[in-house]
Amino acid sequence: MADSGKVKAPDSGKKKNKSQKKRAESSGDGGATPTPSKENVPVTKPASPEGATAAASTGEKTPDVKPAQGAQGPKQGGQNPKKEGKQQKNQNKPEQGQKGKGEKAPPKPEAGEGEQKSKAQLKAERRAIQEAQRAAKATKTAESGGGAAAAGAQGQPSSAGAANAGKKENQGEKSKPGGAAVAVRRIPKKSSKTTEKMTEEQLWAKKEKNLLGKAYKMDHTIVRLGYQYFYHNIVGANARCLALLTTLKELIGKYKTPEEKELSRDLEKNYLTPCISYLNECRPISTSMGNAIKHLKLHINQIPSDMDDKTAIARLQEEIESFIHVNLVMAAKGVAEFAIAKIDDDDVILVYAASSLIAKVLKAAHDSGKRFRVIVVEGRPRTEGKSMLRFLVRCGIMCSYVYIGSASHAMSEATKVLLGAAAMFAIGDMHSRTGNSMIAALAKANNLPVLVCCETYKFTEKVQLQAGDSQMHARSKDLLHIGHRPPVITDHDAMGLRLLNQMYDVTQSRYITALVTELGMLPCTSVPVVLRRQEDLKLNA
Amino acid sequence: MPGGDGDKANDLKERISAFVDEIKKSNTNGSCDVAIKTINLLIRIISQAKFSNARELLVHVRVEGMHIQAADPSENIIGNIIRRVLKIIREEYRELLLQKNEDQVSAMERLSMADVDEGDYSTPFPQLKARVIEAVSELKIELEGCVENIAALAPNYVNENDVILTIGRSKTVEAFLKSAAHKHIKFRVYVSEGAPFYGGHEMAKNLAQAKINTTLITECQIGTIMPLVNKVIVGTHSIMANGGLKAVTGTNIMAVLAKEHNKHVIVCSSLYKLSPLFHSTPQHASFNKFSSPNELLDYEDAELLSKVEVIAPIFDYVPPDLVSMVVTNNGAQSVTYVYRLVKDFYHADDVDL
Amino acid sequence: MDNDGVLSHFKEQLREDPEMSAAVAAIKTLVKLIETSRAGTLSELRDNIKNATEVMLTGEYSYASVSSGCEQFLRNVSLANLDRNFKTVMLERANIFLKEILKARSKTVQMATRFIDDGATILTHCRSRVVMQVLKAAAKENKRFTVYVTESNPDQSGYGAQEELTKHGIPTTVILDAAVGYIMERVQLVMLGAEGVVESGGIINKIGTYPIAITAKSMNKPVYVVAESFKFVRAFPLNQKDVPDHFKYPQSTLRAQKDLSKEHPLVDYTPPEYIDLMFTDQGVLTPSAVSDELIKLYC
């Protein structure tokens, strides 16, 4: 991937040269050497690998965020580091060979440590630039597009585009208006955007740019979290929820009620809500996150108006901790207990992709002495099953590994199927990673019981009948990477070939034999009953 | 003369072993290629064979054929072609026998004495060899035209605004869809990539280049796509005698889901892929081939490789009740009619080679 | 041979060889009939055969197989264009037919054993002679498998089956007829005999066969039927009611003209969609192939 990044860069570079020159003229400083961090942004990892999906997954480990801030100054363009000789990326260049890292490979799943660092650097870089902009007050506009355009005057959009080395299309388009109009920013850009239909790559680039633009208003922890969601560094319902809650806990700690306002209203409205909507833009929030937020909001509203900030904040933080403890930690133990009772010796359990809860259940079952083996079914292109496989192997469980296309072969050996859910809908359908519905249907055809393990906090009154998530969750281009082989398809847009990469699907309740929750084993039809009970508890609390 | 014969015999031996090698290393270029090469070899074998009657010829062909089949017992096509040639020999013999006995036996009685006729195939006929070679050459011509014949049927089964789902790379299906597109029928195709061999990528590329509205998906999305699809069109490696399919891995799960959503599954397959064998359970040893675990787990994951059983079957068994119909070079057939074709093409005694 | 002679010869055949199918015994009797016949014309001989068939059907043996066997015999034997010497020709044909029939069972058995894997669990119903032979042959091939057999009320023939199989070293368990649903998840395949195979491709067999087939189908277990081709009947039942009474009730009941709505039928009809494959001496057939074969046999 790094390779392809390099390959593409010169292209975009060429397109940008015009604007570059203009920029260089206008900013006049090609040589301001970026210096390493002036600000030290504290490095905090969203905690608890426990919450993270299958602990062994490197993809999900939160990267070390190395703060690397660029020099402040209005001439951010000058600071734009040279990427392969182009002045594109605003990457901080401590000269010690961070050049390699500076080159940004397309976001994520292949992201190794180095690339994560570079992203982090990039983020930090941007943050610095944003702060500089704020300080400079030069081209501050409320509009994110304007903000981006302002930055664009110094080569930002092109850098944003270039930053994603994987995207080659239309860099010229964006940078041209950006470069062409230092002062008159928006108009040319808009017109270029509306004239042609954008490819998916362009949409991702645009989205990233938007995020960048909005990021300056946000607390850095939220920005960091947002980028982790955006680049799929944190995946899995539990992991994302945990990351969110820990971040919110920290965020709340920094809150001070402004004059004449009440904490119970202001905190939510002016402090948290913008953060949440930013995160939602980075990546649509999951049901688990949504329910956690609802819970938090409920408690915020219940803060009496006479309570002082310190106590209130302490209370809310405690509430968050308790939520995590009850719904993530204890619930997992509860589910494991009930699930273990259904695992017999000599069972062959089939699981699909990765689920943190299923991993915990299997580990607990193994530790409790049950003898069984597991078949891990893998899907593409996310290949999350591999991390599940690693985790299980490290626990000492005997495993087999098979692709979902060959699942029927595996089904003949399996005795049970265990699936993890991202959410349970009110009608008893399960929302989970794409491919689960196929496994469940195949299991039914082979007369195997399907057990879904799901904590009750993931239950939702929403109902979704079909997978159809039209929101872009994942990049389709990932499809084209076929392991170590050279990709067969190189220019799918030119050929008119479409790609589809959906992340979620819906499994109907008729395929699910039983739902295992911390309350016990339930039939799928009992989901609304549990929801009702939760409502009642909330009202009575 | 003897020298010449010896040369020819050596040449034949060489050809056979070259082919056997190719098959062992899976160096072949698709089913049609294997079929044509097998039949070419058989033509040579027959023309160079020395025999005094049909029985000897049958034995000779069978022995040579078994030798070729032994290269890869799971490659049904070789066995199919051998059996068809054996059937041709039997039929030619019978024709000649009937001609000889024409006046002695009345038509009615001939019908009723069907099975008793051939006896042990021991009557010598000098023109047997020539006739057999002619018939086998006709078969060869038929084989060569298979894919075109199937593709010609495409406009009957692909309608305007259809949404079609397919998996992996099948030259037959590709020709089928291109032929429909050629007739200016507008339809959409979803191609499932066919991991871990990724034939679907090649297929999607070819279809897109033929200006067909194509979308590439992975197997895990078949479940979400299925409600949007009109029909599923797949190719296959072989058709078993009960109408079941031996197809590329992923076809079974696709067929199961198609059944769940009530979509038709159409199989495009030439008739030389029809095998007289039954495989009662897919676990039969010669049913499936397994590929290297490297396809799934890289050597980088060495820590895992040693502790994990990687299952990478190449084929899937699709039971006949999941398939709606088979489009063959002889037209479209119901899968339950397959038994009839098996009877026509193969003789019961040849099933066990 | 007169009617009594026919009947006694028929019964004697069955007594001598309890393994013999009733149809085979009937055909042997008919061959004997032709041998000893003093009929002068072809049509007279035909009538004799028909009468003899009627007589044998009054016995309490499987109506379906006896009637189909005899009908096929008649068809086969009288196909010839005969003038003089019809008796010799017919006798010749009759003997050929008999030879084929005798080989039929072993051919069938050969087909079926291929489908029994090592380690299989098989469910079977009542005591079908052909299925017993199949299982014994498979055991002889050193395949290890276990068998569940239903009690098969009202005659409890399941116990006889268990005894027979255990003698050959096959672990067999008798289950209640009602326990078929319970046991089905453990079973790998279901193997059934048939008293008659009808034109639709379905079978007529001992009562209790239909629920077994339905349960197997709902749990995706394959159902195999083993039947020789002389059991193919010219009948097309549309449902259980449509099965002819003389198949369902013993002759004695019909003769006594009892109220049939109060009688328990002895057989039921299993439609072809519940059957996966049929093993016959004509080869392994899918149910749809059956009507093809029937046309060949009867026309």
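The legends below describe close-up and whole-chain views of a predicted model.

**View 1. Helices α13 and α14 of chain A pack against each other.**
Two packed helices are described by the angle between their axes and the distance between the axes. Helix α13(A), which covers residues 287–301, and helix α14(A), which covers residues 309–341, have axes that come within 10 Å and cross at roughly 150°. The handedness of this crossing of α13(A) and α14(A) is right-handed. On the side of α13(A), the contact is made by A292(A), H295(A), L296(A), H299(A) and I300(A), while α14(A) contributes L316(A), E319(A), I320(A) and F323(A).

**View 2. Chain B is shown as a whole, with its 14 helices and eleven strands.**
The radius of gyration of chain B is 23 Å, close to the 20 Å that the globule rule gives for 353 residues, and chain B is therefore as compact as a globular protein of that length. Taken along the principal axes, the box filled by the C-alpha atoms of chain B is roughly 65 × 50 × 35 Å. Of the 353 residues in chain B, 54% are buried. Among the contacts in chain B with a separation of 6 or more, 80% are accounted for by residues 24 or more positions apart. The accessible surface of chain B is about 14700 Å², and 51% of this surface belongs to carbon and sulfur atoms.

**View 3. Chain C is shown as a whole, with its twelve helices and ten strands.**
For 299 residues, a compact globule would have a radius of gyration near 19 Å, and the value for chain C, 19 Å, agrees with this. The C-alpha atoms of chain C occupy a box of roughly 60 × 45 × 35 Å when the principal axes are used. Buried residues amount to 56% of the 299 residues of chain C. In chain C, residues 24 or more positions apart supply 75% of the contacts with a separation of 6 or more. Chain C exposes about 13300 Å², with carbon and sulfur atoms supplying 49% of that area.

**View 4. V109(C) is seen within helix α5 of chain C.**
The helix that holds V109(C) covers residues 86–113 of chain C. V109(C) has a relative accessibility of 9%, and because buried means under 20% relative accessible area, V109(C) counts as buried. When residues up to four places away in sequence are not counted, V109(C) touches V130(C), Q133(C), V134(C) and A137(C). A further residue, L238(C), lies 129 residues from V109(C) along the chain, and the C-alpha atoms of the two are separated by 30 Å.

**View 5. Y269(C) is seen within strand β8 of chain C.**
The strand in which Y269(C) is found covers residues 267–270 of chain C. With a relative accessibility of 4%, Y269(C) counts as buried. Not counting residues up to four places away in sequence, Y269(C) touches V198(C), S200(C), G202(C), I203(C), I204(C) and Y210(C), together with P237(C), N239(C), Q240(C) and V243(C). Y269(C) and E141(C), which are 128 residues apart in sequence, have a C-alpha to C-alpha separation of 33 Å in space.

Definitions and conventions. Residues numbered from 1 in each chain as written. Chains lettered and ligands numbered in written order. Predicted model: local features only at pLDDT ≥ 70, side-chain atom pairs only at ≥ 80, totals over all residues. Heavy atoms only, no water. Axes fitted to C-alpha atoms, helices over the stretch in contact; angles between N-to-C directions. Helix = DSSP H or I, 4+ residues; strand = E, 2+ residues; numbered from the N terminus. Left-handed = near helix turned anticlockwise from the far one by under 90°. Contact = heavy atoms within 4.5 Å. Rg over C-alpha atoms; globule rule 2.2 N^0.38 Å. Buried < 20%, exposed > 50% of the residue type's maximum accessible area, 1.4 Å probe, protein only. Areas by Shrake-Rupley, 256 points an atom, 1.4 Å probe, with all protein chains shown as cover.
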